[in-house]
Each structure stands twice: as structure tokens, then as C-alpha cells.
Amino acid sequence: MSELQYTAEHEWIAVDGDVATIGITAYAADKLGDVVYVDLPAAGSALTAGAVVGEIESTKSVGELFAPSDGEVVEANQAVIDDPSLVNSDPTGDGWMIRVRFTALPTLLSAEEYAALTAE
Amino acid sequence: MSGQGASGLSAGAGRLGEVFADRHIGLDRAAEAHMLEAVGYDSVDALMDAAVPAGIRLQPGETDGTAALPPAASEREALAELRALAGRNTVRRSMIGLGYYGTITPAVIQRNVLENPSWYTAYTPYQPEISQGRLEALINFQTMVADLTGLTTANASMLDEGTAVVEGMLLARRAAKSTSNVFLVDEDVLPQTRALLQHRAEAVGIELRFADLAGAAASGDAAIADVAADVFGVVVQYPGASGRLADPSAVFAAVKAGGGVAVAATDLLALTLISAPGELGADVAVGSSQRFGVPMGFGGPHAGFMAVRAGLERQLPGRLVGVSQDAAGHPAYRLSLQTREQHIRREKATSNICTAQVLLAVMASMYAVYHGPAGLKRIAHRVNRTATRIADALGDAAVHRAFFDTVLVRVPGTAHRVAADARDLDLLLHVVDDDHLQFSVDETTTDEEATTVARLLGAALGTPDVALPVKAALVSIQPPLVRQSDYLTHPVFDTHHSETGMMRYLKHLADKDYALDRGMIPLGSCTMKLNAATEMAAVTWPEFADLHPFAPEADVEGSLELIEQLQSWLATVTGYDRVSLQPNAGSQGELAGLLAIRGYHLSRGDAARMICLIPSSAHGTNAASAVLAGMRVVVVACTETGDVDLDDLRAKIAQHADEIAALMITYPSTHGVYEHEVRAIADAVHEAGGQVYVDGANLNALLGYARFGDFGGDVSHLNLHKTFCIPHGGGGPGVGPVAAKAHLAPFLPGHPLQQRDTIDRGGASVPEHHNIVSAAPYGSPSILPISWSYVRMMGADGLKRATGAAVLAANYLAVRLREAFPVLYSGDNGLVAHECILDLRPLREATGVTVDDVAKRLIDYGFHAPTMSFPVAGTLMVEPTESEDLAELDRFVEAMIAIRAEADAVGAGEWAHDDNPLVNAPHTAESVIVGEWTHPYDRERAVYPVRAVVAGKYWPPVRRIDQAYGDRNLVCACPPIEAFA
């Protein structure tokens, strides 16, 4: 699997062949606070780039999961649905959201570029 | 401020009693002078001149119209006038039914809940640690509704049954797999529900299909498949408006098979005897809990309800009480899933409901607690038995043979005559058409009344000597609809059946809560002012409490006159032409106002005008209401100082020129500031052909000084539960009248069953649904005497004095606290309006202490926290209102300054970040007594931080509640007793 890349919507993406694993960044998880509920698309769902495909709800706010590209959901993380606190405890690991089979990815941010974005 | 005396007897010759305004306003002359000096002004007039921009003040030549208000009455005089109005109502025994039934309010509940300020002056339980009493009552309500409907989770009330059905329809559309745009509606729904569905469905583009569902079910599967084809949901009235009891399960199954959602509109008392909707396949059940001990009140207020099956919890509109745990691991109640609500989700919210009907839900739940399952069943049996005996006596003229309490009777050609004869005997029946009438039996129906009804109908049918059988041969509830399952099995429903026990349970719960009878509740944007005892007096008078909303016009003249007077007074003080009192909350007033705007544009062929401009600082409800009115929200930016960004507004107007339906703006702004540019803003919107909606939530800062209608508003809603003294009831009831200029009058709410149209519409025709927004024609009339009394006793001058005192109090707090906590926004001359936002973000930066810590620590100091993190995260918004006295304001200042010092001690490292009086707040008695004390501050610091709290200390019943735990482990019914061991 490649190094993590990022979007301006505070999602991270790890690419393995034509499958991308997607989650939200530690920065986003921290901003949301205690995540209590995660709503993810079912495997097999078709995605359209830029569309809202899921919701991440905390005690004080609701974040949205955007599809970074067109594609199809291969798997949604049942563990994070069952235990949403994984988003806070391990956002880039066990707290991943969905795996997506994609055809083309947009230009993504590097770790440095994302760090610069959130430093503003 | 005018020159009235601070207290004492009125100077007016011949007047009886004191000047009420002197009692309502907490500041006497000495206090006022002291506070003016602190703020730096010589007089309240000078302060208001400096605070309120000249641009919105009355212009030369404009009259404020308040001369039209009658001069202030004393409390005694106002009560005498109310008595006279009450005397013009005639209370007859209503058997009209249609969702409103006679009921016996247990006296112990009337006295200890409805007439008890510990219950009625509390606020929505946003601070759960000091709201455990009403949260427990509400979880009892939720358990009661879930049990009786046979569903998993119920919310903490809806505004009424009709709007609950609408919410059920909207829920169905969100949750359905079906992509259909059609909602199937039972022909036998209540007439008000039918009109509400028509009005609301049209606005959001839903198509309704009405059908005789019981008839289809009787005709077999093919007929069902035909009507249920391709719909996203269905609502069945169970039992029907005509009384008919039919099994809805086949219809539910057919709709669900097509990916739709099944909704039952039902009756809690019937459900003690008939199969639960959840057992018959319903996904959702809605209805009213009115007949559980809440008087009809000429239409309201009552608690509607909604329950859903497992899996739909997150789709529930309104508030939901859940169980979590506190810092000591003890069970504790709180509002769950708050992020579903519109203050977070804005235009994506599931509903625009905020205020619900907490006080009435508490009453209904206590009715169930007091009677228990066996008692409720006994009441229901008696109701059903009486109805069945009458039907039996009438033979085949009783149209339906299966029913609970309502009997439809065929009386060819004589329905009106029979109803008139019945009225002469003080009984009200419901005329369906020339050939049919129906009656509903309730808890209060006597055998004598039943006999009278049977004889009257018998006479019409040619059998005048019909006798009521002692036992009916007819069995009106038959399998499979005979309820088999248990309900209300939790011990709370089997414990408090003696009056002593009930009284103590209510006291036990009330003692856990912080209401206005303990101290100030300085919640910004909520206006927690005095709810005076005189204002409350008439609520329970039978002439107002026991009227059916569809009683004949001649019987309700007193109430209609009160309504018309209040309408005209509210129009006068806001500068509008017409007022409808129908909306049951601010959210519903917003919706009614926006729907009026929508109707106006459509009537002019302006169908493209569907964009609603909303400033980013607006209350989230604005956006949610706009969506429900079928509009698209475009957000207008605010400047750094919190005002609407005029450049951005102009840009947005230019961009959407011909699509602008309305701008919604709150005045004074949600930032508690009098904006300068509101006239320019209104002009810009008008020039573009849009309408201006002024949200009246903050009217308490304006009354007597400026009027929405004068500075550009076309329509507003008012919150009578804020500015006009209706108590918050722990989260409802509310009344949210909509006030408008004459050109919008044709589109204001009316009702198909109203006694008369109290709104002059200039002869305009109204649609079949009458623009209805609430189930009852005049909303919640039984609490209107509260606002009527307030205006009547304050007079124009008193209302103006109250505004001045409220603004003075807010500015006093701002000045006193500014050093400890920066005031985020202010207007001219550094002044705020009637509330101020304290910025706690710098404190967090400096010390790590959060806004939550400060809010919870205030509990230890004996205060209810101000509004947290609205409209700006990390801040507290403080609104003292005019009713607090100087001593209470100073006590609050002392507490806040002391808390600042504690925070500084944390920042200085004197106390650890994770172990200090703030982060551990609130402290229960148990936490300072039981076990070893290991904290770096002493016990006295924990619970008696200032001497002022020693006397009359309020002890919170739980420690800080874990919000995340409750949302991750959703439990919304009474926990087992063992959980509290």
C-alpha cells in the first residue's frame, strides 16, 4: 500500500492497485470530537466524485464523507460502524471508513501539503 | 423610562391594585440608578438612544400605534376581565372526538405539575445535570408511548397529532427504499390531518393518494396491491376518524413490500385494548397524548408523540431523551442524538421542530404513572363498553360494528337536527353530513349522558324509547385486534398509585431540577423572564380548559374575542396588519411565514422565486424551516463584527436576482446586537422582488422602541414563550404567532374547521387546506390568557419599560464581566442589546478550561448556565431579562468572576488540568462525602465556593454526564431499577 495522500475535505486515501482505502484525518477527528455514529455506504454502491456518501456524527457536530472519485464501494468498515470511537482512537488505522474500486483518482495532497493546509 | 414609581399603589384614580409592571420588572429605582451609573448613562432613555440605531427608531411622522393598546390594568382588573371573557364561553359536554376527548386531570397532577412553577418555569434540559427530574418524567413518557405502540423508541413529544403525521410522512420519505414520490393516505384520517398533509406535501413536492384502505383490505389482496402500488409510505388512522376499527396489517405489508414505510396514527387509550401498531407491522406510530389527563383547552397545548421501530431512531424528529452515565458511573439522563437537530444540521436537519410539548408530555406520563396499566385498561374498558352499549341499542344504524370509542350513526336527513337537539341538552355531537353524525365516548361520559345520546338518536331513527342495555351483545373489538401483549411493565408504572405517593414522586423529581423558582436562568436567545402567577391563573379555568376545538361558534365567543384582541395587540406592537395565533412554536411560525411568502409569489405567477437568503449567524431552525417550505437556502456571509455582510448580500441578490423568495433576518441579530443596516438590507431585498422575514426571537430587545413592520419586515413570527411570558414548561409548550403585512394575509394559516376566520383577508379566497400549520384552528388557546394578561397588565408603557430594563441588565452584565470575559460583539457605543456573548475561547487558550467546565461549575455556584456555544462555539450567551433583580445579577457576576479566578489558578498550574474544581464540576453531595477526598482543592471549595450559596444550596443529583457514552449506547426507555443500585 502506498503512503497516505490527502484531500482538502480532510480525508486520507491509501491506494493499493485500483482499490483506495478512505478515512478521515486525525485533524478532522479531533475537530469533530467524540464520534458516536458512522453511516457508510453499503458494498456495491456506486460513487460519484465529490458526492456525500457517508456521515460521521459526533456529540457536537456532523461531518460528511465525500467520495474522492467515481467508483464502487468494495467494503465498508463494519468495525467502525460497531465502534465509532475507533475514528478518534485510530483514525488512519482501524478507523478507516470504506474501500473503493476506482478508475481514476484526482490530484491529491501530500502529507506536507495537507499539513500546510491545516496549519492555516 | 417613564416616571412610574418603583412600587406601591397606582396613582391612577379609581384603579384597583398595584402597577403590575413594578412587579414584573426586577429593578427598582435605586437598582436602576446604580446600574445606569455602571453602564455610564443618566437614564434608560439615554441608554436606549445610544444603543438602538436611529435608523430603526420610529421616524418623524410615524406612530408606534401602541396608543391602540388599552391602558395597563392591575392584576385584579385583568382577572376580572378574563372572568368576563370566560363567562361568554359555554362549556358543554363534548362528544365530538376527532382527536380531542374529555379527560379527568388528576388533581394531584394539576396542582403539582401544571400549576407548579418548579415544572412550568424550567427550560429545555440542555444542561442535563440539573434537569434529571423532567428528563426522568420524559423517559417515562417515551417508555409509555413505545410500550403502547409496540415500537422500540419514542421521542419526547411532538407539537400535535396532525403535524406528527406530517413528520411521519417526511420520515417515510427519508427512510424509504422506494423512490416513489407518492404518499398513500387513509380516507379515514382526521379532517385536520388531511388538510395538514395537503398543505405540507404540496410545499415539498410530495403527491398524496387518498384511498379507502379499510375497504381495500376488506376486498382482498388485489385491491390492496392496487392502492399500495408504488408509494414511499402510507398513513392509516387506527382506529379511524369515523371510529372504524380495521386491521391495517395487510396494507402495511403491501406498502413495505414495495420499499415503503408504514405509519399508524393512533390513540393511546385505545391501544390498551387493541393490538399495537408495531405488532401489526407499522414502522412508525404517531398520535396525541391529550386524553391522558390534559384538558382539551379549545385545541391545545397537548403533547403529540412519535415512536419508531428499531433502525429508525436516528430519523426521529424532535427531542429524544436517553440514558447515559455520569462521572461516577451512575445512570443519568440526557438529550440524545442532539446533532440530528437543526442547530447543527441547519438545512439538512430531519425536521425544524425545536420546542415541543414537554409540560404536557410530563402530565400525560404522570397520568399513566398514577393509573398504571390496570387503571388505564379499566378506563379504556369503560369507554369502550359505554360506546358499545349505545351502538348496540341503535342496531344497524351504527355504521361500523368494530370500534373503540367512536360510533358513526346513519340518521337519514336529520343529522343537523339531532345535533341541535343534543346541544340543547348540553351534549355536542359531530355532524358528518346530512345523513350521518358520530359521537365519541370518553373517560368523563356518564351513564346518564350515554342514555341521553341513545334516546336522541333512537328518536331520530323512530325508536324513541330505546333502552341502553346493561351489557351489549355486540363485541366491538374482536380478534385479531384484541391486544394480547403487556405494556407499562416497568415498576414506575406500578408504584405511585396513592395520592401521597404521587405527590412525593412529583416533588422528588422537581427537587432535582433547576427552574426559575430557584434562581436566574440567563439563557441567551431564550428570554427566561417572569411567568407571573396572575398570568397563569386562567389556564385551568374550565371555561378555557374544557372547550373542544370544534365546538360551535356560539359556545366559544369569549375565547374568540380574547384571540382577536391578542391578535390585534400583537399586530400593533410589531407594526404588522394581521396575526395568526395558530403556530404551536417558533419553528411553526417560521414555516407558516415562509409558506405565506411562497403562496404570495405563486399567486403572482412568480414560481421561480424559491431561494431563501439566510445569514450565516441565523438560528439553524431558519434554514430547516425554509427547506420545509420548499425553498432552497443560500447563505449570506457575516462580517467579523457579526453583522450581515451587505456586499455579500448584494452579490447574492445580483446572482439570484429573479429567484429570491425571501431573506430571513433576526433582529436584533442572534449576536445580541442592534445592526445598523437593517433598513438597507430590507430595501435591497425588496428591490429584487423578495420578501423580508424578520425572525422575532429577540423581540424582547425592541418592544416599544421599534417595530419590525416599520423597518422593512413583511412577515415575522413571535415567540409568546419568550417575550410574552408563556412559561417554557421544560421545553414546551410554545406559541409562535405569525404576523404579516396585509398583502400576505390571504396566505396566513386558517383551518377548515375553524369557527370563524379571525383574520381579515381582504376577501381573498383561500385554498381547501386553508394554509393550515397546526391541528387546531387557533393553536394552543388555553395558554393565550397568559400573553393576553401580560400585555393587558403592562400596557404600552410597561412593555417599553420592560425592554429598557432588559437592555440595561444585559449591558450591566457586559460591563461587569468584560474584564473577566471579553464581550464578543457589540454595537453602537460599545453597547449590546438584551443579551451579550462572553468569549471563552481566550480563556481556553490561556488555561485549558472549556466553556463546558465553566457552565458546569456555575451549577456548584447555584446557577443555570447561559446558552453554550450558540451562536458561536466556545462562548456563553447571557440574557438576564428585565425580571431579575440587582442582587441576583450581582450574585451571577460574583460567580463568574470567581470562576475566572479558578480558571486562572488552573492556568497557573496551581491545580492540575485534569483535577480541579472546574473539570470535576458539578460536585454532588455524594462526591464530597463518600470515600476518600483526593483532590488538590478542599471540599468546601468544591461545593460552597462562595458564601452566597450556603443558604439554599442547590445540590445537583448527578455529576457531569458523559455525552458520547449515551450516543454510542442509545437507550431511550426507563432503565431497570437495578441500574440505580
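Mentor: The model is predicted, so local features need pLDDT of at least 70 and side-chain atom pairs count only at pLDDT 80 or more, while totals for chains, interfaces and linings use all residues. Residues are numbered from 1 along each chain as its sequence is written, and chains are lettered from A and ligands numbered from 1 in the order in which they are written.

Trainee: What makes something a helix or a strand here?

Mentor: Both are DSSP runs, numbered from the N terminus: a helix is H or I over at least four residues, and a strand is E over at least two. In chain B this comes to 31 helices and 24 strands.

Trainee: Which residues of H24(B) are buried?

Mentor: In helix H24 (residues 678–687) of chain B, they are Val678(B), Ile681(B), Ala682(B), Ala684(B) and Val685(B). Their arc around the axis is only 160°, so they sit on the same side of H24(B). The arc is that of the directions from the helix axis to the C-beta atoms. After H24(B) comes Gly689(B), with a positive phi near 90°.

Trainee: Why is His10(A) called buried?

Mentor: A residue is buried if 20 or more other C-beta atoms, placed from the backbone, lie within 10 Å of its own; 12 or fewer make it exposed, and anything in between partly exposed. His10(A) has 21 such neighbours, so it counts as buried. This residue also has a positive phi of about 65° although it is not a glycine, and it lies in the loop between strand S1 (5–6) and strand S2 (11–16) of chain A.

Trainee: What makes Ser157(B) buried?

Mentor: Ser157(B) has 35 other C-beta atoms within 10 Å, so it is buried. It too is not a glycine, yet its phi is positive, about 130°. Look for it in the loop between strand S2 (153–154) and helix H8 (161–175) of chain B.

Trainee: How do you know that Lys60(A) is partly exposed?

Mentor: Its count is 17 other C-beta atoms within 10 Å, so it falls in the in-between class. Lys60(A) is in the loop between S6 and strand S7 (62–66) of chain A. An unreviewed UniProt entry places "modified residue: N6-lipoyllysine" there; such annotations may be inferred rather than shown by experiment, and they use the numbering used here, with shortened feature names.

**Where the chains meet**

Trainee: What does Lys60(A) touch?

Mentor: Leaving out residues up to four places away in sequence, it touches Gly33(A) and Thr339(B). Contact means C-beta atoms, placed from the backbone, within 7 Å. By that rule, 11 residues of chain A are in contact with 7 residues of chain B. On the side of chain A, strand S4 (35–39) and strand S6 (52–58) each give two or more residues. That side divides into 4 nonpolar, 4 polar and 3 charged residues; nonpolar means Ala, Val, Leu, Ile, Met, Phe, Trp, Tyr, Cys and Pro, charged means Asp, Glu, Lys and Arg, and the others, Gly among them, are polar.

**Cores and overall form**

Trainee: What makes a set of residues a nonpolar core?

Mentor: Its members are buried Ala, Val, Leu, Ile, Met, Phe, Trp, Tyr and Cys residues joined through C-beta atoms within 7 Å. The largest has 343 residues, of which Val251(B), Val263(B), Met363(B) and Ala596(B) touch the most other members. Helix H14 (residues 358–394) of chain B gives the most to it, 21 residues. Another core, of 28 residues, lies apart from it and includes Ile22(A), Val38(A), Val73(A) and Val80(A).

Trainee: How do you know that the radius of gyration of chain B agrees with a compact globule?

Mentor: The radius is taken over C-alpha atoms, and the globule rule is 2.2 Å times the number of residues to the power 0.38. For 981 residues the rule gives a value near 30 Å, and chain B has 28 Å, so the two agree. The C-alpha trace of chain B spans about 85 × 75 × 65 Å along its principal axes, and 62% of its residues count as buried.

Note on methods
Contact = placed C-beta atoms within 7 Å.
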